[in-house]
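Please look over the sequence and the structure before reading on.

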Amino acid sequence: MAQRLLLRRFLASVISRKPSQGRWPPLTSRTLQTPQCSPGGLTITPNPGRTIYTTRISLTTFNIQDGPDFQDRVVNSETPVVVDFHAQWCGPCKILGPRLEKMVAKQHGKVVMAKVDIDDHTDLAIEYEVSAVPTVLAMKNGDVVDKFVGIKDEDQLEAFLKKLIG
């Protein structure tokens, strides 16, 4: 909400001013910029009070793009893989997904997580006999070694991962 308000204020102030030379100067800083009027027109100056922070990219969780991507990143993986078959419309998936991502991240690279949207990848869901979502598979060396359907609490997820890691 605060980010949306900041963006709205920034855009309103930029749109309300017209550049004198017919084009906007380039943004040169990684921080959110605040427009300042000067006699020669519009100039952009960095405002360190409005730094945009981003989260670190997760190296343990990834979305499957297509069948060959699944083959490369899951079936051929040397690291054990937890495969989360989910759907955007699935309420329980929205609860389990972040919980599972958190538990996988705690394993510090001993296991990775692939997310498969069944609406986008129906062929994979059929191939792995996914009849309900969320369905989570544990895969090691390309083989399914464990599976569960539905929501699990953190203790159950931890036991599931420990069994996969060995």
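**Aromatic pairs**

The predicted model contains three aromatic pairs, where rings of Phe, Tyr and Trp (its six-membered ring) pair if their centres lie within 6.5 Å, and planes under 30 degrees apart count as stacked, over 60 as edge-to-face and the rest as tilted. A pair of aromatic rings is described by the distance of the centres and the angle of the planes.

- F70 and Y128 make a tilted aromatic pair, with 5.3 Å centre to centre and 55 degrees between the planes.
- The pair ties together parts that are 58 residues apart in sequence, because F70 lies in helix α2 and Y128 in the loop between α4 and β6; helices (H or I, at least four residues) and strands (E, at least two) are DSSP runs, numbered from the N terminus.
- F70 and Y128 are both buried, where buried means under 20% relative accessible area, exposed over 50% and partly exposed in between (1.4 Å probe, protein chains only).
- F148 and F160 form an edge-to-face aromatic pair, at 4.9 Å centre to centre and 85 degrees between the planes.
- This pair links distant parts of the chain, twelve residues apart: F148 is in strand β7 (residues 143-149) and F160 in helix α5 (residues 154-165).
- F148 and F160 are both buried.
- F70, F85 and Y128 are linked into a cluster by ring pairs.
- R73 lies over the face of F62, 4.0 Å from the ring centre; a charge sits over a ring if NZ of Lys or CZ of Arg is within 6 Å of the ring centre and within 35 degrees of the ring normal.

**Basis of the model**

- This is a predicted model in which local features need pLDDT of at least 70 and side-chain atom pairs count only at pLDDT 80 or more, while totals for chains, interfaces and linings use all residues.
- Residues are numbered from 1 along each chain as its sequence is written, and side-chain values use heavy atoms, with hydrogens and water left out.

**Fold and burial**

- The protein has five helices and seven strands, in the order α-β-β-β-α-β-α-β-α-β-β-α along the sequence.
- Of its 166 residues, 36% count as buried.
- Among contacts (heavy atoms within 4.5 Å) with a separation of 6 or more, 60% come from residues 24 or more positions apart.

**Nonpolar cores**

- A nonpolar core is a set of buried Ala, Val, Leu, Ile, Met, Phe, Trp, Tyr and Cys residues joined through side-chain atoms within 4.5 Å.
- The largest core has 22 residues, of which I64, F70, V74, V83, F85, Y128 and M139 touch the most other members.
- Two or more residues of this core come from each of α2 (67-75), β4 (81-86), β5 (112-117), α4 (122-127) and β6 (135-140).
- A second, separate core has 14 residues, including L96, L100, V136 and L164.
- Leaving aside residues up to four places away in sequence, V74 touches F62, I64, D69, V81, V83, A114 and M139.

**Disulfide**

- There is one disulfide in the structure, a disulfide being a pair of cysteine sulfur atoms within 2.5 Å.
- C90 and C93 form this link, with their sulfur atoms 2.4 Å apart.
- The link is right-handed, with 80 degrees about the S-S bond, and both C90 and C93 are buried.

**Confidence**

- The average pLDDT (the predictor's confidence in each residue, from 0 to 100) is 81, and 66% of the residues score at least 70.
- Residues 18-22 stay under 50 in pLDDT, and the model has three contacts beyond four places in sequence for them.
- Residues 27-35 also stay under 50, with 26 such contacts in the model.
- Where pLDDT is low, the predicted coordinates should not be read in detail.
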